[in-house]
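User: I would like a close look at one strand and its surroundings. Here is the entry.

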Amino acid sequence: MIQKVIDYCRQKEMIVSGDHIVLGISGGADSVCLLFLLHEIKKQIPFDLVAVHINHGIRDEAKADGDFVKSLCENLQVPFFLFEEKIEDYAKLNKLSVEEAGREVRYSAFFQVLNQQFGGQGKVAIAHNKNDRAETVLFHLFRGTGLKGLSGIASVRQQIIRPLLCIERNEIETYLNQNKIAYCIDKTNHEDTYTRNRIRHHILSYAELNICENVVSHISDAASIVEETELFLQKLTKEAYSACVTFHKKEQFMLVQVELFLLLDVLIQKYVIMLILHELTKGSKDITSIHIENIRLLFNKQVGKRVDLPYALVAIKQYDTLCVKYKNKDGSFTAIDSLQIKNEVIIHGPGLYHIADEIQLECEIIDASTRKVIPKKSYTKWFDYDKIDKPLVLRTRQSGDFIKINNEESRKSLKDYFINEKVPKEQRDKVYLLAQDHHIIWVVGHRISQHYKVDDKTKRIFQVRYRGGVKDD
C-alpha cells in the first residue's frame, strides 16, 4: 500500500524532495495511517514533517486522544503541536454549525503552524480517503451541486494535499492491523448525529450490500474524472476571463466586454460569471444557478437592464460592457462607462503593450516551421509577420478605415463591415482596432484582414493576444 500512495502522490505532484508537510492528525485510523505512511515515504522522498492535533473540547476522551497522538509522534521523532479550542462555544460565537466551526479551527491551526515553522511555504496533508470522497459526492448531490461538488474532495487544492484519496477505509484498517499500529476510535463516528454518518451507515452500506460491493471505489473514481474535467474547465475559464473581464480592485467592480463574452461557449459563460462573483464576494455561498443564468441572459438585453444579487451586488447592462458592482449604501447604483483607449498605442514588434488601465496586448513572433494549429480564439490571432511592413497601431476607428474580407474583394470600408455585422452605432467608436495606416488588420473580438492571414508560404507568425484583465493563468 505504501507504493500505491507514493505513486499517487507523484502522479498528483503532491510531495517533492525538500517539501515541508504539516499533517493534521486526530488519532483516528485514517490520520494515524497517514502519519506512518508519510514517515515511510520520507525514506524515498526527503521532506520535513510536523504533526498538528486539535482538542475540540467536545468528547470526554479528547485529552487522552491528544496524549496518544503526542506519544506516537515522539516515537517516530515527528515534531508535535497541540491546539485546544472549545468548538461548541466557537460555533455559537461565530454562528456556525459545530462541523463548520471544527473545520475552520482545524485549518486555521494547520496554516498557523505552516507559517510559524516554514514561513508559509509547504503543504497541509489531510487524511481523507475514498470513502470520505464517495460520502461527500452523495452529500453534495442530494443538496444540489455542480461539477465541482460532484468531484467530492479535491486531491490537491492550493496548499492542501490528500495522499489517501487513492485507498479505501478497509485498506487503511488492514494496514494498521497487519502492522499492529494502535489508533483511537471516535464513538461519534458510529452515531447518526451528522448527515455524513447517515450516508455512511445507511446509504453506502445498503448500496454495497444490494447494488455493487465496489460502490465506494466506483463513486470515488467517477469523482476523480469529474475533478479532472473541472480543472480543465477552470483553465478555459481563466483564459476567457483574462480576455473579456477587467477587475478594478480598488473600486471593487468588474467590467465584461459584451462582444467577447457572447463569443464564448454557454458553459464557459456561466463559469466566467461564477468566477466574477467569487472574486467580488470571496465565497459566493448565497449565489445560485438562477443568479448565474439571469446574469448570462442580461448580456442580450437592452442597455440599462439590471439584475439584483446577494451581497448587495448588482449587474448592469451598458452599451458595450456589463458591469457587476456593489450598490451604494442607500441601495442605489451608478453605472460605470466602458474603458476607452486613452491614446493610440504603437505596436513596434514583440512585447507587452498597455492600452487602458489593466487592458493589454501581448505580442510575440513564432517560427512558422514549429507552428501547430491556428488558434480559433476571438482574442488570440495569428498574422503573417513578413507582410507587416510598417508599425501597427491599436486605436479606435477613423475616417477611411477599411478591411479585406476575402481574396476576390479588394477592400470593404469599416463602416460597411460594421453594418453587415450588425454592430450598433453607439458601440462602433468603442471597438478596438489593430491597424496599419487605414488598413485594419484586426477588428478585436471579430475577424482579421484576409491580406495578413497565415498561409503555407508564411515563415514568421506574429501572434497577438488581447488581455482584458489582470489575470492570465
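How many bridges pair E8 with strand E11 (residues 321-326), and in which sense?

Analyst: This is a predicted model, where local features need pLDDT of at least 70, side-chain atom pairs count only at pLDDT 80 or more, and totals for chains, interfaces and linings use all residues. Numbering starts from 1 along each chain as its sequence is written, and side-chain values use heavy atoms, without hydrogens and water.

E8 and E11 pair over 5 bridges, in the antiparallel sense. Strands (E, at least two residues) and helices (H or I, at least four) are DSSP runs numbered from the N terminus; two strands pair if DSSP finds at least two bridges between them. Gln-257 stands opposite Thr-321 in E11.

E7 (residues 245-248) also joins E8, antiparallel, through 4 bridges. Here Val-245 has Val-256 as its bridge partner. The E7-E8 hairpin has 4 residues between the strands, and Gln-252 takes a positive phi near 55°.

Now burial, meaning under 20% relative accessible area (1.4 Å probe, protein chains only). In E8 (residues 253-257), 5 of the 5 residues are buried, so the strand is largely enclosed by the rest of the structure. Side chains in a regular strand alternate between the two faces of the sheet. Phe-253, Leu-255 and Gln-257 point one way from E8; Met-254 and Val-256 point the other way.

Val-256 also lines the second largest cavity, alongside residues including Phe-261, Leu-322 and Val-324. H12 (266-281) gives the largest share of that lining, 3 residues.

Key:
Buried < 20%, exposed > 50% of the residue type's maximum accessible area, 1.4 Å probe, protein only. 1 Å grid on protein atoms, 1.4 Å probe; cavity = no way out; pocket = protein on both sides within 12 Å on 5 of 7 lines; lining within 4 Å.
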